[in-house]
Amino acid sequence: MTKLTFPEGFLWGGATAANQCEGAYDADGRGLANVDVAPIGPERGPVIVGKRKMFDFEEGYHYPAKVGIDMYNRYKEDIALFGEMGFKTYRLSIAWTRIFPKGDELEPNEKGLQFYEDLFKECHKYGIEPLVTITHFDCPMHLIKEYGGWRNRKMLEFYERLCRTLFTRYKGLVKYWLTFNEINMILHAPFMGAGLYFEEGENEEQVKYQAAHHELVASAIATKIAHEIDSENKVGCMLAAGQYYPNTPHPRDVWEAINLDREGYFFVDVQARGEYPNYAKKEWERKGIEIAMEEGDLDILKEHTVDFISFSYYSSRVASGDPEVKDKTAGNIFASLKNPYLDASEWGWQIDPLGLRITLNVIWDRYQKPLFIVENGLGAVDTPDENGYVEDDYRINYLAEHVKTMRDAINEDGVELWGYTTWGCIDLVSAGTGEMKKRYGFIYVDLDNDGKGTLNRSKKKSFDWYKEVIATNGASVK
Ligand code: BG6
């Protein structure tokens, strides 16, 4: 008889990111960040990939992060709802510019620190363990303007100060930390991932991998300090995952799939195994990419690997070595070839629950470290009734199918998985498009793409469904 429950202590919950929900972009001394100046609309794409210089608010654009869903002012109400669902954990991120408004100050902003302290205490009231992403697509604009973002080694110093401040202040309140959200996004959305803007004619790959080196060393230093400050701290890396399938059994497609997977696993190889993989070194050699490193960098990477590996999973991907095969579909930031066996969301992201089991197994086999799914969910258009109630069976179905394969990965395959936080447990601004219309939540927020609405919260059908899943530790999903 198949076991329906999850391991005892499994961390069920939901996830958000500061810039997509807090709003209050200039409250209590907060400084401006990269994600604040990413507008909704056709300019967003070029801005987040570092091709369109938008270092400030410009006339004629709508910037949804300014208000977010106003969680800065409403977090108590929101956390109470998470508590009602029975969350064991809540993944959220710190807005760096609340703590260090410009990023290079020596002293933190007390009001920012106090905000998160209150928020963490609020979580604990409901028995919710915070899981904190230190940077989720978040870099102070001042550090971009003055230093060029993560291309500059000085960033290590600023990031270290941020981490030290957080680990010290929140000792005893937070024990699960993620250093960089979807660290591989540096390759696909470099302004969002690392505050990189490219001048005409620059060798972009060189800049991206140099910035990646800085983030990787910064992540290892953060891991070191976290453990020094509190031996209870558990630090994880975070990958935008989703296994590549070869488009056909043709060996060149299989080879392409391996290579595209390596683009992402490159980061985890360093963070979990502590070394740059040979395939990357060879690739850099071929392309003439030279990474400036300082003495001790490689030792730090080696000595301070992560305690666990977290990842987001929305879909699997498809690779072809044949340049004639071009039928693509949208995905999390970057597109992939279409998989004819899968359905897709309204945004073209393909739906592949078994792909989650596959991805979990591949990552587990590769690293043998505990895993944590920190994002998964369906972005969909919701139509609320006059009470704000949404009958979101499509979301329930999506999540239920993923819960099943995740359970199989644990119970049938022996993968060690610590927890599962669905993305956007409360509706929030989309990172990729800036839309409000693309909703993931169990909780509906009355706000539209133009920033109009009451911001009122209401429960969707999936709210009670998830509550039951958590209460039965997964057994209600048949
Ligand atoms: C991940 C990010 O890329 O996917 C989130 O970590 C993001 O910030 C999520 O919101 C879903 O993507 P989107 O574009 O639908 O918001």
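Me: How many positive and negative side chains does the protein chain have, and how far apart are the centres of the two sets?
Reply: This is a predicted model. In it, the protein chain carries 56 positive and 76 negative side chains. The centres of these two sets are separated by 1 Å.

Me: What does the secondary structure come to?
Reply: The protein chain contains 15 helices and 16 strands.

Me: And what size of box do the C-alpha atoms fill?
Reply: Along the principal axes, the C-alpha atoms fill a box of roughly 55 × 55 × 50 Å.

Me: What radius of gyration does the protein chain have, and what would a compact globule have?
Reply: The radius of gyration of the protein chain is 21 Å. A compact globule with 478 residues would have a value near 23 Å, so the two agree.

Me: What percentage of the residues is buried?
Reply: Buried residues account for 61% of the 478 residues in the protein chain. As for the surface, the chain exposes about 18,400 Å², and carbon and sulfur atoms supply 49% of that area.

Me: Among contacts between residues at least 6 apart in sequence, what share joins residues at least 24 apart?
Reply: The share is 76% in the protein chain.

Me: Let us turn to single residues. Where does Q20 lie, and is Q20 buried or exposed?
Reply: Q20 belongs to helix α1. Its relative accessible area is 2%, which is under the 20% cut-off, and therefore Q20 counts as buried.

Me: Which residues is Q20 in contact with, leaving aside neighbours within four places in sequence?
Reply: Q20 is in contact with G68, I69, H136, W423, L428, V429, S430 and A431. For V429 there is a further detail: its backbone oxygen lies 2.7 Å from a polar atom of the Q20 side chain.

Me: What is phi for N473, and where is N473 found?
Reply: N473 is not a glycine, yet its phi is positive, at about 50 degrees. The residue sits in the segment after α15 (461-471).

Me: Back to the α1 to α2 loop: is P42 buried or exposed?
Reply: P42, in the loop between α1 and α2, has a relative accessible area of 75%. That value is over 50%, so P42 counts as exposed.

Me: How far apart are P42 and S462 in sequence and in space?
Reply: P42 and S462 are 420 residues apart in sequence, and their C-alpha atoms are 32 Å apart in space.

Me: Now helix α3. Is Y75 buried or exposed, and what does Y75 contact?
Reply: Y75, found in helix α3 (residues 71-85), is buried, with a relative accessible area of 10%. Apart from neighbours within four places in sequence, Y75 is in contact with F115, D118, L119 and E122. L156 is 81 residues from Y75 in sequence, and the two C-alpha atoms are 31 Å apart.

Me: Which helix holds E117, and what does E117 touch?
Reply: E117 lies in helix α5 (residues 110-125). Setting aside neighbours within four places in sequence, E117 is in contact with R169, Y170 and L173. A polar contact of 2.7 Å also joins the side chains of E117 and K121.

Me: Is E117 buried or exposed?
Reply: E117 is buried, because its relative accessible area of 14% is under 20%.

Me: And E107, where is that found?
Reply: E107 is in the loop between α4 (96-99) and α5. This residue is exposed, with a relative accessible area of 62%. E107 and R161 are 54 residues apart in sequence and 9.2 Å apart in space, C-alpha to C-alpha.

Notes: Residues are numbered from 1 along each chain as its sequence is written. This is a predicted model: local features need pLDDT of at least 70, side-chain atom pairs count only at pLDDT 80 or more; totals for chains, interfaces and linings use all residues. Side-chain values use heavy atoms; hydrogens and water are left out. Helices (H or I, at least four residues) and strands (E, at least two) are DSSP runs, numbered from the N terminus. The radius of gyration is taken over C-alpha atoms; the globule rule is 2.2 Å times the number of residues to the power 0.38. Buried means under 20% relative accessible area, exposed over 50%, partly exposed in between (1.4 Å probe, protein chains only). Contact means heavy atoms within 4.5 Å. Accessible areas come from the Shrake-Rupley method with a 1.4 Å probe; for residues, only the protein chains shown count as cover. Lys and Arg count as positive and Asp and Glu as negative; His and the chain ends are not counted. The place of a charge is taken as NZ of Lys, CZ of Arg, CG of Asp or CD of Glu. A polar contact is a pair of N or O atoms within 3.5 Å; within protein, one must be able to donate a hydrogen and the other to accept it, and residues adjacent in sequence count only if both atoms are side-chain atoms.
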